[in-house]
Structure formats: C-alpha cells, structure tokens
Amino acid sequence: MENLSLSITMLIGIAMAGWIAFEIDWRRKRLREVYNVLESKDKHITGDLEHMVELGQLKPYRGETEA
Amino acid sequence: MASHDPVAGPSPATSGRGPASAVPEKSPRFHFFIIDSGWNSASANVLRENFHMIHEFQSHDPLFVLDNRQSIALLRQYPELIGKDPILSVHDLHAAGGRDPSGYHGFRLCLGMLHQPTKALSALQEFLRFVAAHRHSPDIEQDVRKRLHRQGLEGAMEVVRESAELLARR
C-alpha cells in the first residue's frame, strides 16, 4: 500500500514536471511568435520590403488621412 | 476584399497625396513597415485606432504603410505570416555589420498573434517604448534578445508560481 502511494505521488510529480516544462516551452515559443528578431530566414521578406521602397512603391507616411 | 488601406485610408504610396519628395534630411536609423491585410480582429482594430500614436512616437524614422493589396500580395508570398498580421517590422539600417548576405537586421511585432485588445495595446505600447528607449543603442537586436530572454524567465517563473498555487488549492 505504501509502495502504491509512493508510486502515485511519483507519477503525479513527473506529470507536473512535464506539464511545467511543456507550458514554459509553449509560452517561450508564443513569445517569439509575437516578438522576434529578424533572422536569415526573413531575408527575403525584408529584402522585398526594402525593394518596394527603392522602387517607389512605398513612400514614407507623413500623417495624411482621409478627411 | 475592399482595397482601402486598413490603417489610415488609402496608402500614401498609391493615393498620390503623400509628399513623395520629402526625404528625411539625416540618414534614418530605422525603416518601419506596417503590414495589415485587413483582418477584422481585435489586434488589427487596436492598431488602426492607435495608428496616429505610432506615427507620433517614431517620427524620427520613415514609416511605410502597405495598403491592403500590397499586404495581401506580400503575405501570399510568405504564407507563414498569414494571420500574424498586423505586423510592425523594424529594419535597422545602421546595424553592426550592415546588410550582410544573411539579410537585413531588425525585429518585428506580430500583433495578430494577440487576441485580446488589452494585450495587443499593451504590446504595441511596449514595442514603441522599447524602440524609443533603445533607438541610439549600438546593437538594438541584442537588446531585443536580452528583453525576450528576461520575459521568458519571467514567464517560466509565472508557470512555476501558477503550479504552486494549483497544488496549494488541492
């Protein structure tokens, strides 16, 4: 009986530790999906945006809005 | 889909009303881009309603606003970003190392990942505060990484605290 109780406690502890690890990892990934530093995989989209500026397809916004 | 600019009416780029010749006198540190394909979401509404604040707080550097059509065309090319917009992308033009072959330097905020208006507004405010506070930093990317690391640790502590509270209730 004592062994069973110990086993259940250990199982709950392992499950809890697993859940904490999963939750921390999930939140870390989520944080990096919201904020991220541009990396080499982003070079194409950043290059495209800068290219649009160079081509004049994008102009600096100066605050004009529809009346 | 309507072709209006989701942020501020027709894009200055396409409306012809923007002062195209108004080039900043000094070389800007950053290029800011807003990509908003037009989702009717809480975070998109937060961005549109507070767009003038973005313009006010980052007036040192050019802000480029993609209209619906341009945003959708871009996201079609990079479908992994669909649903993550509106996106504020900041390119650091003075980054150490310059624009090397690995790509541009900078960072971005994917507001579309936040579904609660208060969280989206808070993230937007924090983003603008961070850029304003670190705009003269020699390596702002490193500052972003440090900030993310700290936030990650805070998140881990929060999970542990929540777990402890959960256990205490039982």
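Two residues are in contact here when heavy atoms of each lie within 4.5 Å. In this predicted model, 39 residues of chain A are in contact with 65 residues of chain B. The size of an interface is often given as the accessible area lost when the parts come together. Between chain A and chain B that area is about 4,500 Å², with carbon and sulfur atoms giving 65% of it.

The polar side of the interface can be listed briefly. Across it, 12 residue pairs are in polar contact. On chain A, the elements that give two or more residues to the side touching chain B are helix 1 (2-34), strand 1 (35-37) and helix 2 (43-55). By class, this side of chain A has 16 nonpolar, eight polar and 15 charged residues. The count of salt bridges between the two chains is one. A:Asp42 and B:Arg108 form it through their side chains, at 2.8 Å from N to O. A:Asp42 sits in the loop between strand 1 and helix 2 of chain A, while B:Arg108 belongs to strand 4 of chain B. Both A:Asp42 and B:Arg108 are buried.

Strand 1 of chain A and strand 4 (residues 106-110) of chain B run antiparallel and are joined by three bridges. In this pairing A:Asn36 stands opposite B:Arg108, and A:Val37 has B:Phe107 as its bridge partner.

Strand 3 of chain B is joined to strand 1 (residues 30-35) of chain B by six bridges, and the two run antiparallel. B:Phe32 has B:Val90 in strand 3 as its bridge partner. Strand 1 of chain B is also joined to strand 2 (residues 63-65) by three bridges, this time in the parallel sense, with B:Phe33 opposite B:Phe64. Strand 1 is mostly covered, six of its six residues being buried. B:Phe30, B:Phe32 and B:Ile34 point one way from strand 1 of chain B, and B:His31, B:Phe33 and B:Ile35 point the other way.

The side chains of B:Arg29 and B:Asp92 meet at 2.7 Å, N to O. B:Arg29 is in the loop between helix 1 (12-15) and strand 1 of chain B, and B:Asp92 is in strand 3, 63 residues apart from B:Arg29. B:Arg29 counts as buried at 10% relative accessibility, and B:Asp92 is buried at 5%.

Two other sites in chain B deserve a look. The peptide bond from B:Asp85 to B:Pro86 is cis, with omega near 10 degrees, whereas most peptide bonds are trans. B:Pro86 lies in the loop between helix 4 (68-77) and strand 3 (87-92) of chain B. B:Ser71 is placed in helix 4 of chain B. B:Ser71 has a relative accessible area of 0%, so it is buried. Beyond residues up to four places away in sequence, B:Ser71 touches B:Ile35, B:Asp36, B:Ser37 and B:Leu66.

Taken as a whole, chain B has six helices and four strands, in the order α-β-α-α-β-α-β-β-α-α along the sequence. Of its 170 residues, 49% count as buried. Among contacts in chain B with a separation of 6 or more, 72% come from residues 24 or more positions apart.

Over all chains the count of salt bridges is seven. One of them is in chain A, where the side chains of A:Glu23 and A:Arg27 meet at 3.0 Å, N to O. These residues are four apart in helix 1 of chain A, so about one helical turn separates them. A:Glu23 counts as buried at 15% relative accessibility, whereas A:Arg27, at 22%, counts as partly exposed.

Terms used
Residues are numbered from 1 along each chain as its sequence is written. Chains are lettered from A and ligands numbered from 1 in the order in which they are written. This is a predicted model: local features need pLDDT of at least 70, side-chain atom pairs count only at pLDDT 80 or more; totals for chains, interfaces and linings use all residues. Side-chain values use heavy atoms; hydrogens and water are left out. Buried area is the accessible area (1.4 Å probe) that two parts lose on being put together, summed over both. A salt bridge is a side-chain nitrogen of Lys or Arg within 4 Å of a carboxyl oxygen of Asp or Glu. A polar contact is a pair of N or O atoms within 3.5 Å; within protein, one must be able to donate a hydrogen and the other to accept it, and residues adjacent in sequence count only if both atoms are side-chain atoms. Ala, Val, Leu, Ile, Met, Phe, Trp, Tyr, Cys and Pro count as nonpolar, Asp, Glu, Lys and Arg as charged, and the others, Gly among them, as polar. Two strands pair if DSSP finds at least two bridges between them. Buried means under 20% relative accessible area, exposed over 50%, partly exposed in between (1.4 Å probe, protein chains only).
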